Amino acid sequence: MRIKRGINLAIRDAKSSDPYVVVNMGEQKLKTRVVKNNCNPEWNEELTLSVRDVKTPIHLTVFDKDTFSVDDKMGDADVDLKPYVQSVQMRLDKLPNGCAVKRIQANRTNCLAEESSCIYKNGKIIQEMILRLRNVESGELVVEIEWVDVAGCKGLLGVQI
């Protein structure tokens, strides 16, 4: 998963925020670095998660780093892997770069701010999405997911969705 950037994140300090993202999936917890004084931060960080169950969503929470108190929550969003995994399982090969394999519409049950596409790029399927943060007055996250097969793991071929 690539955590690319935040857009119009909520102000939690006097004039700005010091945001970072915590990524949870099952028992796994990863986080980005803190970007100081910025409500439109650029992280461009790659975080690797081990997917044990494609039905388990990836949960992202944005926090404002505080020095002398508990970090403030700045919203959260979930990533549903199922549409992406369906695209990867098609085992498409030799498509032109940028070819859209699947489109996912924004709706009330997902956190998409706008339509998202699973795209063929350099021999892999990626999905870039803009997630609207919940439980906050404003803010979006731009993220990208890409499946990476690991030697010794069963991969996605036998996974039922």
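Biologist: Where is the place of Ser87?

Modeller: Ser87 sits in helix 1; helices here are DSSP runs of H or I with at least four residues, strands are E runs of at least two, and both are numbered from the N terminus. This is a predicted model, in which local features need pLDDT of at least 70 and side-chain atom pairs count only at pLDDT 80 or more, while totals for chains, interfaces and linings use all residues. Residues are numbered from 1 along each chain as its sequence is written, and side-chain values use heavy atoms, with hydrogens and water left out.

Biologist: Is Ser87 buried or exposed?

Modeller: Ser87 has a relative accessible area of 0%, so it is buried. Buried means under 20% relative accessible area, exposed over 50%, and partly exposed in between, with a 1.4 Å probe and protein chains only.

Biologist: Which residues does Ser87 touch?

Modeller: Setting aside residues up to four places away in sequence, Ser87 touches Val101, Lys102, Cys118 and Ile125. Contact means heavy atoms within 4.5 Å.

Biologist: And Lys82, where is that found?

Modeller: Lys82 is also in helix 1, which covers residues 82–89. Lys82 counts as partly exposed because its relative accessibility is 28%. The C-alpha atoms of Lys82 and Pro57 are 8.7 Å apart, although 25 residues separate the two along the chain.

Biologist: Moving on, how many residues does the largest nonpolar core have?

Modeller: The largest nonpolar core has 37 residues, and Met1, Ile3, Val23, Ile58, Leu60, Val79 and Leu131 have the most contacts inside it. Such a core is a set of buried Ala, Val, Leu, Ile, Met, Phe, Trp, Tyr and Cys residues joined through side-chain atoms within 4.5 Å. Among the elements that each supply at least two residues of this core are helix 1, strand 2 (19–25) and strand 9 (124–132).

Biologist: What is Ile3 in contact with?

Modeller: Beyond its neighbours within four places in sequence, the contacts of Ile3 include Val21, Val23, Trp43, Leu60 and Val142.

Biologist: What pattern does the protein follow along the sequence?

Modeller: The protein has one helix and 10 strands, in the order β-β-β-β-β-β-α-β-β-β-β.

Biologist: What about its overall dimensions?

Modeller: The C-alpha trace spans about 50 × 30 × 30 Å along its principal axes. Buried residues make up 42% of the 161 residues. Of the contacts with a separation of 6 or more, 52% are between residues 24 or more positions apart.
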